[in-house]
Amino acid sequence: MSLIEVRHLRKEYPNVTPLKDVNATVDEGEVISIIGPSGTGKSTFIRCLNRLETPTSGQILVDGIDMCDPDTDLPAMRQKMGMVFQNYALFSHKLVVENLMMAPMDLLGLSKQEAYDQALDLLETVGLRDKALAWPHELSGGQRQRVAIARGLAMRPKILLFDEPTSALDPQMVSEVLSVITSLAERGLTMLVVTHEMRFARDASSRVFYMDRGELWEAGPPKQIFDHPQRQETHDFIFRVRAWEWEIHTLTPDIHAMEASLATYCQRQFMSGRATHTCLLLVEETVSNQLLGLARKRGITDPNIHMTLVAGEGGIDMELLLDYRGRLVAEGEPTANERDDLSLSIIKGLCDHWELVEPGLVRLYVRC
Ligand SMILES: Nc1ncnc2c1ncn2[C@@H]1O[C@H](COP(=O)(O)OP(=O)(O)OP(=O)(O)O)[C@@H](O)[C@H]1O
Ligand SMILES: [Mg+2]
């Protein structure tokens, strides 16, 4: 029997139906990443699982017990299901260790000593034993989120639900929290994680749920979802999150905004600092110096440059597609000299090689 079984789950609000007809099963020990565009029912789904939301219809069985049955002891069931939210809600007037002791003493009946020993063990698990006597405000965002995870574990749940546990964190803190979650998976805890971190979904989940417009479109192992999606909707979404896109329609584009957007994308792909730097240089070099130069030379005010950068597996081997087939090429194919200009980037060692797919469409390969 599955640990969680969801049948025909539907949730309606007066103006929107975030869950239409969701069916899913989760086995014990599985780590499920739930991915999908914004506003498509992911949070509603996991909030229904522990009945923070009341479903309109359908059935949710957890350990065989119907969460929608009015006779079900919801507080007891919620103890089996910890939840970690986007914003680590720690009690600011309590020490870190006290934050982990209160609920187990109140609800599990642990003695003060037992709760204290358990709290220290859990802090060890999340790598923060030395912060036991710190105040929450003395911790970084990533550390606070790790304490929130430890606090979820303190109730000894069978299932942990996460709703975007890293989205409020600075990029450098994301990986420390994700590695704690990954280590919990190794201990056999069943977890459902709503996340926008595709690398985590790919590397740390046993299965991935792709949700869109209130439906679970596809559920499968990461390899299926990321490399061989069975449905067009999944394919389109995966491409969108793996690709960085930028368009330039002026001779004086906001290069800083472009670089900031690209840097965020590179961090999301978990690229190293050096690889990120290479990508930034490459894009700036080809855009500012090559293509905009070409446009200026020809008196074109709208160069119509469309860039797509696609990261390979694990953020390595980037492919930058530079498309300027519109105005720039309409004025004539780049001359041999201009093409040589483009190859400057290779001379500088920024990319491995490049090819002119067709006039105005250049593909550059970067090994990160
Ligand atoms: N309490 C509520 N009352 C009315 N509408 C709601 C409520 N909660 C969520 N919704 C709506 O339901 C839809 C799904 O919301 P939900 O938060 O589940 O999306 P999500 O997939 O988690 O999005 P995101 O990735 O942005 O967090 C949205 O249109 C949202 O506005
Ligand atoms: Mg959400």
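**Exercise 1. Find the loop that holds Arg156, and say whether this residue is buried, partly exposed or exposed.**

Step 1: Arg156 sits in the loop between helix 5 and strand 7 (159–163). Helices (H or I, at least four residues) and strands (E, at least two) are DSSP runs, numbered from the N terminus. Residues are numbered from 1 along each chain as its sequence is written, while chains are lettered from A and ligands numbered from 1 in the order in which they are written. This is a predicted model, where local features need pLDDT of at least 70, side-chain atom pairs count only at pLDDT 80 or more, and totals for chains, interfaces and linings use all residues.

Step 2: Count neighbours. Arg156 is partly exposed because 13 other C-beta atoms lie within 10 Å. The cut-offs: buried needs 20 or more other C-beta atoms within 10 Å of the residue's own, exposed means 12 or fewer, and partly exposed is in between, with C-beta atoms placed from the backbone.

Step 3: Check the backbone. Arg156 isn't a glycine, yet its phi is positive, near 55°.

**Exercise 2. Which strand holds His8, and what is its phi?**

Step 1: Look in strand 1 (residues 4–11), and there's His8.

Step 2: The phi of His8 is positive, about 45°, although His8 is not a glycine.

Step 3: With 13 other C-beta atoms within 10 Å, His8 is partly exposed.

**Exercise 3. Sort the residues of strand 15 by face, then find the strand's partners.**

Step 1: Here's a handy rule: in a regular strand the side chains alternate between the two faces of the sheet. In strand 15 (residues 361–366), the covered face has Val362, Leu364 and Val366, and the uncovered one has Leu361, Arg363 and Tyr365.

Step 2: Strand 13 (residues 318–323) pairs with strand 15 in the antiparallel sense over 6 bridges. Pairing needs at least two bridges found by DSSP. Met318 stands opposite Val366.

Step 3: Strand 14 (residues 353–358) also runs antiparallel to strand 15, joined by 5 bridges. Leu356 has Val362 as its bridge partner.

Step 4: The hairpin of strands 14 and 15 has 2 residues between the strands, and Gly360 there takes a positive phi near 90°.

**Exercise 4. Which residues does Val310 contact, leaving aside its neighbours within four places in sequence?**

Step 1: Start at strand 12 (residues 305–310), where Val310 lies.

Step 2: The contacts of Val310 are Arg242, Ala243, Met318 and Glu319, once neighbours within four places are left aside.

Step 3: Val310 is partly exposed, since 15 other C-beta atoms fall within 10 Å.

Definitions and conventions:
Two residues are in contact if their C-beta atoms, placed from the backbone, lie within 7 Å.
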